[in-house]
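Welcome! Have a look at the structure first, and then we will go through it topic by topic.

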Amino acid sequence: MSDYIKENLNKDGIDRRGFLKCMAWAGTGTLCVLQGGVLKSFALGDATRQKIGDLKGDLSFVQISDSHIGFDKAANTDVTATLREAIAKVNALPTPPSFVLHTGDLTHLSKPEEFDTLAESLKSLKTDEIFYVPGEHDVLNDNGAMFRERFGRNAMGDGWYSFEKNGAHFIGLVNVVNLKAGGLGNLGAEQLAWLQKDVAKLKSSTPIVVFGHIPLWAVYPQWGWGTDDSEQALSYLKRFGSVTVLNGHIHQTMQKIEGNITFHTAASTAFPQPQPGQAASPGPMKVPDDKLRQVLGITDVNFVRGKHSLAIVDSTLA
Amino acid sequence: MQNKKWILSAVLTVAAAVAVSTRPGLTVKAADQMGPVAVKIDNFSFGPQTLTVAPGTTVTWTNNDDVPHTVVSDDKVFKSKALDTDDKFSYTFDKPGTYNYFCSVHPKMTAKVVVK
């Protein structure tokens, strides 16, 4: 497990050692607790589950990502089965999530039958609501028209929207359409203008959670792991006391902190991808069959209102 | 007299032969450009990244990756639908020029076809 965050853009004295411990790429799970700007990390075990109980506050939700329904190559010949295992894992959490976020690449090829299978599988998720943002694999032939129709939830433009839950403000962003040659993910002027307006009247003490498919920080631009105009988006959020950015796309867990903004990517429920620069390309990575479920997983998030503290727990399928 | 006639008919025959062999359009092309030319999509890249062909050549892209890719011209001259593994896309380049293109799903993948 290497430290692949090359640059430290953070000048506010965040606990570095605790932060590095939180960058678990593969493993049984890491609990990272951010309290008052200090990050503490705990290996996940029964004792930690008690701590989660202490932290259990007003809000608990889950992030899943990159289910790639329709993929059937060597890296995982049955992505529907591993998605079902991920759902079972969510359903077995000590605190049932109020809702679930799917951060995109629901399907592999944007086919209607793939969306059907995804929707059908998610019916067994024990939660009240599911919110979606598209990945580039969901918008292949129609710039996302079918995706928006089925999973759009009153979205605007290419599929962005926001909602409130227990005093926290959630923002779904789309950075996978209208991509330019040689570029990275892209939010676009219209979405940025909407975002600026959307948060303008919120109190700075409102916890913000942003979710979108491609990472909003430069994880590894050579592989397209970043968003060209994310700086502008983040500038609208700098004044808030607690901002969490949840992304997918890279099929591995990764975390970074910049000031009050915590960036986190989730594992895929379908197949892993290599660490930055560790392979010729970011494509699906084959691991031994008995290791596959150790590199797929879900993310559980618990909020404690009024404390700027949230617990992000990644756990693998095995 | 007979010699002159013979020479005259020989000259005429040669002239006719020369005329036939230099009929416009029948220029010699490299053997590999008579049929379709291939671009392979592998490991999130187009190979060759720069392809040079003569006008009238048909280029065929084949996706060898486990993820879908597209072939989209920067100037909207051509655009494939999403290519799954082993899917192909062909385009015939009639006009000379440089055609930059990329994969609209993974836009860091860029390449070009030079037609001259």
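Which residue in β9(A) is the bridge partner of A:I208? The partner is A:V243. Please keep in mind that this is a predicted model. Chain A contains 7 helices and 13 strands, and buried residues account for 50% of its 318 residues.

**The sheet**

- In chain A, 6 strands form an open sheet with mixed pairing, in the order β6-β7-β8-β9-β11-β10.
- The edges of this sheet are β6 (161-165) and β10 (254-258) of chain A; each has a single partner strand, so one side of each is left without a neighbour in the sheet.
- From one strand to the next, the twist averages 15°.
- Strands of a sheet pair through backbone hydrogen bonds, and the pairing can be parallel or antiparallel.
- Strands β8 (residues 208-211) and β9 (residues 243-247) of chain A run parallel and are joined by 4 bridges.

**Helix α4 of chain A**

- Helix α4 spans residues 112-122 of chain A, and its buried residues are A:E114, A:F115, A:L118 and A:S121.
- An α-helix has 3.6 residues a turn, so residues three or four places apart point the same way.
- The other side of α4(A) has the exposed residues A:P112, A:E113 and A:E120.
- What do the buried residues of α4(A) pack against? They pack against α3 (79-91) and α5 (145-151) of chain A.

**A closer look at A:T227**

- You will find A:T227 in the loop between β8 and α7 (230-235) of chain A.
- A:T227 counts as buried because it has 29 C-beta neighbours inside 10 Å, where 20 or more are needed.
- Beyond its neighbours within four places in sequence, A:T227 is in contact with several residues, including A:N175, A:L184, A:N186, A:I214 and A:L216.
- A:K197 is 30 residues from A:T227 in sequence, and their C-alpha atoms are 20 Å apart in space.

**Contacts within and between chains**

- Within chain A, 68% of the contacts between residues at least 6 apart in sequence join residues at least 24 apart.
- Where the two chains touch, 18 residues of chain B are in contact with 19 residues of chain A.
- On the side of chain B that touches chain A, the residues divide into 7 nonpolar, 5 polar and 6 charged.

Note on methods:
Residues are numbered from 1 along each chain as its sequence is written. Chains are lettered from A and ligands numbered from 1 in the order in which they are written. This is a predicted model: local features need pLDDT of at least 70, side-chain atom pairs count only at pLDDT 80 or more; totals for chains, interfaces and linings use all residues. Helices (H or I, at least four residues) and strands (E, at least two) are DSSP runs, numbered from the N terminus. A residue is buried if 20 or more other C-beta atoms lie within 10 Å of its own, exposed if 12 or fewer, and partly exposed in between; C-beta atoms are placed from the backbone. Two residues are in contact if their C-beta atoms, placed from the backbone, lie within 7 Å. Two strands pair if DSSP finds at least two bridges between them. Axes are lines fitted to C-alpha atoms, for helices over the stretch in contact, and angles run from 0 to 180 degrees between N-to-C directions. Ala, Val, Leu, Ile, Met, Phe, Trp, Tyr, Cys and Pro count as nonpolar, Asp, Glu, Lys and Arg as charged, and the others, Gly among them, as polar.
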